[in-house]
Amino acid sequence: MLSPLDYIFGLFSLDIGIDLGTANTLVYVRGKGIVINEPSFVAVERKTRQPIEVGARAKEMWSKNPRDIVIVRPLRDGVISEFEITAAMLDYLIRKAHEQTWVPIPRPRVVIGIPSGVTEVEKRAVYDAAMQAGAREAYLIEEPVAAAIGAGLPVQETRGSMIVDIGGGTTEVAIFSLGGIVISRSIRVAGDEMDEDIVRYMRNKHNLLIGEPTAEKVKMQIGSAFPLPQERPVTVKGRNLMSGLPSAIEVSSIEMREAISGSVNIIVDTIKDALDDTPPELVADLMESGICLAGGGGLLQGIAQRVSDEVNIRAYIAEDPLTCVARGAGRVLEDYNNLRRLLVGTERGSTRH
Ligand code: ADP
Ligand code: MG
């Protein structure tokens, strides 16, 4: 329960949850919901290395191949490879969220979801970037924890629960019990890898050269992890590798399932592997509560059925799987006293000051 004082303070403070995803970056503002949802792209001027555009506008530039601009996806593999650029992105996001409020309120409190397995240096870098961007307080949370909170899993309770977050660059599996993560796995196989599978398949099987954006579209249209009630075809356009000419080829959903099966198998095996390491009492809990799927990869057709089928535990898709991490990160501030234990410690980043 909020005390009246907390309530009044809450009205005048801006609490922000940020999901620094490999594919999409989202910002959740308490009381408003998701206010920013943009692809994790930054356009950087080649000569000066200065970021000039962030998000959808940067992604748009990408397809046009400009000469003096480099397009960077700073979180592509789930690690922060380009700190300066990540910092610029955070700066843009925090300022934009702050600007959207029309009352003069104090600087925001920010919780940022970071991929599990980032190094101390990277954590520190993200924390510093948030403070530099004008945050009053900044906290870090591991993405699967934020995803689980956003999906409404009882992460603070004794009984077990499980999240599988399939993003663009990484898939994260986490099993919770006794108020924390008991088992976790993080792999660099997720949605992007499936797109690459489709590009490779079209080249090898059909001599058709397509780009990753096209492959992603095909995946979203007819990609699947389990036989569909109604298999269907789609026409894919690209360049024929023999003739060099534009060409259109019809492929079936059965073929595309085969194309991405390698990546899907790895994800399923990772889930099995995590369950293998889970104590039996906890497995019994999971048989009750099920496996919650989050992230954009959770929207792959048949993925829940496939997981259920293979591990013999019911899998289901979180409500609004693409926004779980941002909403979960934001919720931590709403229930700070109970959830603060779940934040990641950095030297300064985990305490109020
Ligand atoms: P991240 O957290 O890494 O930014 P997201 O959770 O935003 O990733 O998910 C992005 C991934 O989800 C992309 O690979 C995208 O292609 C995939 N995705 C989104 N919608 C669908 C869909 N309907 N079917 C299959 N994959 C999808
Ligand atoms: Mg994510």
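Reader: How far is the backbone N or O atom of Gly 297 from an oxygen atom of ligand 1?
Author: In this predicted model, the separation is 3.4 Å.

Reader: And what is the distance for Gly 296?
Author: A backbone N or O atom of Gly 296 is 2.9 Å from an oxygen atom of ligand 1. Asn 24 also takes part, with a polar backbone atom 2.7 Å from a ligand oxygen.

Reader: How much of the ligand's accessible area does the protein cover?
Author: The cover is 90% of the 580 Å² that ligand 1 has on its own.

Reader: Changing topic. Where does ligand 1 sit?
Author: Ligand 1 is in the largest pocket.

Reader: How much space lies in the largest pocket?
Author: About 860 Å³. The pocket is lined by 44 residues, and those closest to its centre are Ala 23, Asn 24, Gly 168, Gly 296 and Leu 322.

Reader: Which elements give two or more residues to that lining?
Author: Among them are the strands β1 (15-20), β2 (24-29) and β3 (33-39), along with α2 (56-64) and α11 (324-334). The most comes from α7, with 5 residues.

Reader: What is the lining by class?
Author: It has 17 nonpolar, 15 polar and 12 charged residues.

Technical notes:
Residues numbered from 1 in each chain as written. Chains lettered and ligands numbered in written order. Predicted model: local features only at pLDDT ≥ 70, side-chain atom pairs only at ≥ 80, totals over all residues. Heavy atoms only, no water. Polar contact = N/O pair within 3.5 Å; in protein donor to acceptor, adjacent residues only side chain to side chain. Areas by Shrake-Rupley, 256 points an atom, 1.4 Å probe, with all protein chains shown as cover. 1 Å grid on protein atoms, 1.4 Å probe; cavity = no way out; pocket = protein on both sides within 12 Å on 5 of 7 lines; lining within 4 Å. Sits in = over half its atoms within 2 Å of the grid points. Points joined across faces, edges and corners; volume = space filled by probe spheres on them. Helix = DSSP H or I, 4+ residues; strand = E, 2+ residues; numbered from the N terminus. Nonpolar A, V, L, I, M, F, W, Y, C, P; charged D, E, K, R; others polar.
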